[in-house]
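Please look at the sequence and the structure first.

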Amino acid sequence: MEKEAMISIENLNKQFKNQLVLNNINVKFSNGHIYGIIGRNGSGKTVLLKCICGFLKPTTGVISVNHKIVGKDIDFPENLGFIIETPGFLLNYSGYKNLKYLASIREKIDSNEIKESMSLVGLDSADKKHVGKYSMGMRQRLGIAQAIMEKPEILILDEPMNGLDNDGVMEMRKLFINLREEGTMIIIASHNKEDIEVLCDEVFEMEKGKLTPVQH
């Protein structure tokens, strides 16, 4: 039996001036799966993810998340965590203080969940070091902690392994597989074929704005 789609995209086009960046995309994503999107820089991967998150408005077409149309029924999908491009943080705050500040916006979680999400990505919530002194890998881990801390049903991850060393990559792969087993739906855009092969149940290739399933 086919699982019900959590994200449904129909006839999606996105144009910037004369350039068609997303070209008639039709796809469905169901829960408890990890989906991979591979493609070169500039192929449209990040634009697609930003449209799903509600940060960019489609030129034409419909994106619905949990049966609600993004940009019409809701501005931003609920229950969605994301890491897109370089995570932005307050540089003279510690990692924990950054997450606490972000968590205060929606008031869905308390300090225990923040500490738990930091521990899951291998960061110490008691560490007072300012984020400005973090390595790129530590910032990436903090970005992933932010994406998962409210236990979203959907995770949108754009190049989530950026800046991580081999150990970090292995740890994050384990984390994503565990989240999938708990029922989280994950979409990963990456240029790293190995991450995609190891993690993903279904893979798509983005080429010149077109999304095509890849035999996996």
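This is a predicted model: local features need pLDDT of at least 70, side-chain atom pairs count only at pLDDT 80 or more; totals for chains, interfaces and linings use all residues.

Student: At what angle do helix H4 and helix H5 pack, and are they roughly parallel or roughly antiparallel?
Tutor: Helices (H or I, at least four residues) and strands (E, at least two) are DSSP runs numbered from the N terminus. Axes are lines fitted to C-alpha atoms, for helices over the stretch in contact, and angles run from 0 to 180 degrees between N-to-C directions. H4 (residues 136–148) and H5 (residues 166–181) have axes 12 Å apart and an angle of about 10 degrees. Angles under 35 degrees count as roughly parallel, over 145 as roughly antiparallel, 65 to 115 as roughly perpendicular and the rest as oblique, and H4 and H5 are therefore roughly parallel.

Student: Which residues of H4 make the contact with H5?
Tutor: Contact means heavy atoms within 4.5 Å. On the H5 side the contact is made by Gly168, Glu171, Met172, Leu175, Phe176 and Leu179, and on the H4 side by Arg141, Ile144 and Ile148.

Student: How many residues in the contact of H4 with H5 are nonpolar?
Tutor: Ala, Val, Leu, Ile, Met, Phe, Trp, Tyr, Cys and Pro count as nonpolar, Asp, Glu, Lys and Arg as charged, and the others, Gly among them, as polar. By these classes the contact has 2 charged, 1 polar and 6 nonpolar residues.

Student: How many salt bridges does the structure hold?
Tutor: A salt bridge is a side-chain nitrogen of Lys or Arg within 4 Å of a carboxyl oxygen of Asp or Glu. The number in the structure is 9.

Student: How many residues apart in sequence are the parts that Arg40 and Glu207 tie together?
Tutor: The side chains of Arg40 and Glu207 form a salt bridge, N to O at 3.5 Å. Arg40 sits in the loop between strand E3 (34–38) and helix H1 (45–53) and Glu207 in strand E9 (residues 202–207), so the parts tied together are 167 residues apart.

Student: Is Arg173 buried or exposed?
Tutor: Buried means under 20% relative accessible area, exposed over 50%, partly exposed in between (1.4 Å probe, protein chains only). Glu194, at 46%, is partly exposed. Arg173 has a relative accessibility of 8% and therefore counts as buried.

Student: With which side chain does the side chain of Glu150 make a polar contact?
Tutor: Glu150 lies in the loop between H4 and strand E7 (154–158), and at 14% relative accessibility Glu150 is buried. A polar contact is a pair of N or O atoms within 3.5 Å; within protein, one must be able to donate a hydrogen and the other to accept it, and residues adjacent in sequence count only if both atoms are side-chain atoms. At 2.5 Å, the partner is the side chain of Arg106.

Student: Which residues of H1 are buried?
Tutor: H1 is largely enclosed by the rest of the structure, because 7 of its 9 residues are buried. They are Lys45, Val47, Leu48, Leu49, Cys51, Ile52 and Cys53.

Student: What is phi of His67?
Tutor: His67 lies in the loop between strand E4 (60–65) and strand E5 (68–69), and at 61% relative accessibility His67 is exposed. Phi of His67 is positive although the residue is not glycine, and its value is near 65 degrees.

Conventions
Residues are numbered from 1 along each chain as its sequence is written. Side-chain values use heavy atoms; hydrogens and water are left out.
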